[in-house]
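Hi everyone, thanks for coming. Let me put the structure up on the screen, and then we can walk through it together.

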Amino acid sequence: MSSKIIHRFIVTEKSLKLAEFENKLTLIVDINADKKEIKNAIEKLYNVKVEKVNVLITPKYEKKAIVKLSKEFSAIELYSKLGLI
């Protein structure tokens, strides 16, 4: 179920800066997913602890989630493990 919530990660210059300096992941999620479902899916799939989830709807009508990880986990390391950078 949780893999249906997360559609894809966004890897742009801006998202990598968020990952490096603010420890945040940027991803596109299911339009019907709420913050709690997004948090649970990220924690379960990637074995990290999520501190906060912010969401917004893009002009393409996609839901973008910006997920802040706890201090003990690194967003850049996660991107690296997933082979995105």
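Let's begin with Glu13, which counts as exposed because its relative accessibility is 60%. Here, exposed means over 50% relative accessible area, buried means under 20%, and partly exposed is in between, with a 1.4 Å probe and protein chains only. Before going on, please keep in mind that this is a predicted model, where local features need pLDDT of at least 70, side-chain atom pairs count only at pLDDT 80 or more, and totals for chains, interfaces and linings use all residues. Residues are numbered from 1 along each chain as its sequence is written, and side-chain values use heavy atoms, with hydrogens and water left out.

Where does Glu13 lie? Glu13 is part of helix 2. When I say helix or strand, I mean a DSSP run, numbered from the N terminus: H or I with at least four residues for helices, E with at least two for strands. The side chain of Glu13 meets that of Lys17 in a salt bridge, at 4.0 Å from N to O. By salt bridge I mean a side-chain nitrogen of Lys or Arg within 4 Å of a carboxyl oxygen of Asp or Glu. Both partners sit in helix 2, four residues apart, about one turn of the helix. Lys17 is partly exposed, because its relative accessible area is 47%.

Ser15, Leu18 and Ala19 are buried. They share one side of helix 2, because they cover an arc of only 95° around the axis; that arc is taken over the directions from the helix axis to the C-beta atoms. On the other side, Glu13, Lys14, Glu20 and Phe21 are exposed.

How many salt bridges does the structure hold? There are three. Another one joins Glu62 and Arg8, at 3.0 Å from N to O. Glu62 is in the loop between strand 3 and strand 4 while Arg8 is in strand 1, so this pair ties together parts that are 54 residues apart in sequence. Lys24 also forms one with Glu22, where the closest N and O atoms are 3.0 Å apart. Lys24 is buried, at 17% relative accessible area, whereas Glu22 is partly exposed, at 37%.

On to helix 3. It covers residues 35-46, twelve in number, and reaches 16 Å from its first C-alpha to its last, close to the 16 Å expected at 1.5 Å a residue; the expected span is 1.5 Å times one less than the number of residues. Which residues of helix 3 are buried? They are Ile38, Ala41 and Ile42. Those three lie on the same side of helix 3, because their arc around the axis is only 95°. The face turned away from that buried side carries the exposed residues Lys36 and Lys44.

Most residues other than glycine have a negative phi. Asn47 is not a glycine, yet its phi is positive, about 50°. You will find Asn47 in the loop between helix 3 and strand 3 (50-57), and it counts as exposed, at 61% relative accessibility. Tyr61 is another non-glycine residue with a positive phi, about 60°. Tyr61 belongs to the loop between strand 3 and strand 4 (63-69), and it is exposed too, with a relative accessible area of 60%.

That's my tour, so over to you for questions!
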